[in-house]
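User: I would like to learn how to read the features of a protein model, one at a time. Please start with the overall layout.

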Amino acid sequence: MIGLTLGVPWVIGLEEAGVSLAQSEQVVEVTIKDYKFVTKQGPLRLGVPTVIKVRNEDALRHDFGSTMFEGLHTRIERDGVIVYGRGLGGVFLDSKRDAVLRFDMSRPGRHEFRCSIHPNMGGELLLLSTEAV
């Protein structure tokens, strides 16, 4: 009991000091606007915890789904609800709503995402696996 009590202020103190406990995450921002996926990302690395932040700016409901999550432990946070497990394919977003998807990038290649409601909408993430020579 004493160890837990002493540990909590230490963790809170780190976060208040601006030290993030998840500094090694790579972030991809996806905005849905005018029936398009607009992606903002830096270079992606294999085996690194990945966060995809999706925001629906359109007036209609959209879906953000991808096979890139197949077989991976994925965590989806939306409207104060957290869902996690394997086999999660994506998330539906009403207008002006957002969601956060967390997983580890483990497969190189071209990973497409789409809206199942509007089949003409699509986008992709490209993860290259290169070895130092």
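Analyst: Helices (H or I, at least four residues) and strands (E, at least two) are DSSP runs, numbered from the N terminus. Here the protein chain has 1 helix and 10 strands, and along the sequence they follow the pattern α-β-β-β-β-β-β-β-β-β-β. This is a predicted model, in which local features need pLDDT of at least 70 and side-chain atom pairs count only at pLDDT 80 or more, while totals for chains, interfaces and linings use all residues. Residues are numbered from 1 along each chain as its sequence is written, and side-chain values use heavy atoms, with hydrogens and water left out.

User: Which strands pair with strand 5, and in what sense?

Analyst: Two strands pair if DSSP finds at least two bridges between them. Strand 5 (residues 74–78) pairs with strand 6 (residues 81–85) in the antiparallel sense over 5 bridges. Arg78 has Val81 of strand 6 as its bridge partner. The hairpin of these strands has 2 residues between them, and Asp79 takes a positive phi near 50° there. Strand 5 is also joined to strand 8 (residues 98–104) by 3 bridges, again running antiparallel. Arg75 stands opposite Arg102 in strand 8.

User: What is the phi of Asp34, and where does Asp34 lie?

Analyst: Asp34 has a phi near 55°, a positive value in a residue other than glycine. Asp34 sits in the loop between strand 1 (26–33) and strand 2 (36–41). Tyr35, in the loop between strand 1 and strand 2, has a positive phi of about 60° although it is not a glycine. For accessibility, buried means under 20% relative accessible area, exposed over 50%, and partly exposed in between (1.4 Å probe, protein chains only). Asp34 counts as exposed because its relative accessibility is 56%, whereas Tyr35, at 41%, counts as partly exposed.

User: How do I read the nonpolar core, and which residues have the most contacts inside it?

Analyst: In soluble globular proteins, nonpolar side chains tend to be buried together. A nonpolar core is a set of buried Ala, Val, Leu, Ile, Met, Phe, Trp, Tyr and Cys residues joined through side-chain atoms within 4.5 Å. The largest one in this model has 24 residues, and those with the most contacts inside it are Val30, Phe37, Ile52, Val54, Phe64, Leu101 and Leu125. Strand 1, strand 3 (49–56), strand 7 (90–93), strand 8 and strand 10 (122–127) each supply at least two residues of this core. Contact means heavy atoms within 4.5 Å. Leaving aside residues up to four places away in sequence, Phe37 touches several residues, including Val30, Ile32, Phe64, Phe113 and Met121. Across the protein chain, buried residues make up 30% of the 133 residues.

User: How many salt bridges does the structure hold, and what do they link?

Analyst: Side chains of opposite charge can pair when their charged atoms come close. A salt bridge is a side-chain nitrogen of Lys or Arg within 4 Å of a carboxyl oxygen of Asp or Glu. The structure holds 12 salt bridges. In one of them the side chains of Glu57 and Arg55 meet at 2.9 Å, N to O. Lys96 also forms a salt bridge with Glu57, the closest N and O atoms being 3.7 Å apart. This pair links distant parts of the chain, 39 residues apart: Lys96 is in the loop between strand 7 and strand 8, and Glu57 is in the loop between strand 3 and strand 4 (62–66). Arg61 and Asp94 meet in a salt bridge at 3.1 Å, N to O. Arg61 lies in the loop between strand 3 and strand 4 and Asp94 in the loop between strand 7 and strand 8, so the pair ties together parts that are 33 residues apart in sequence.
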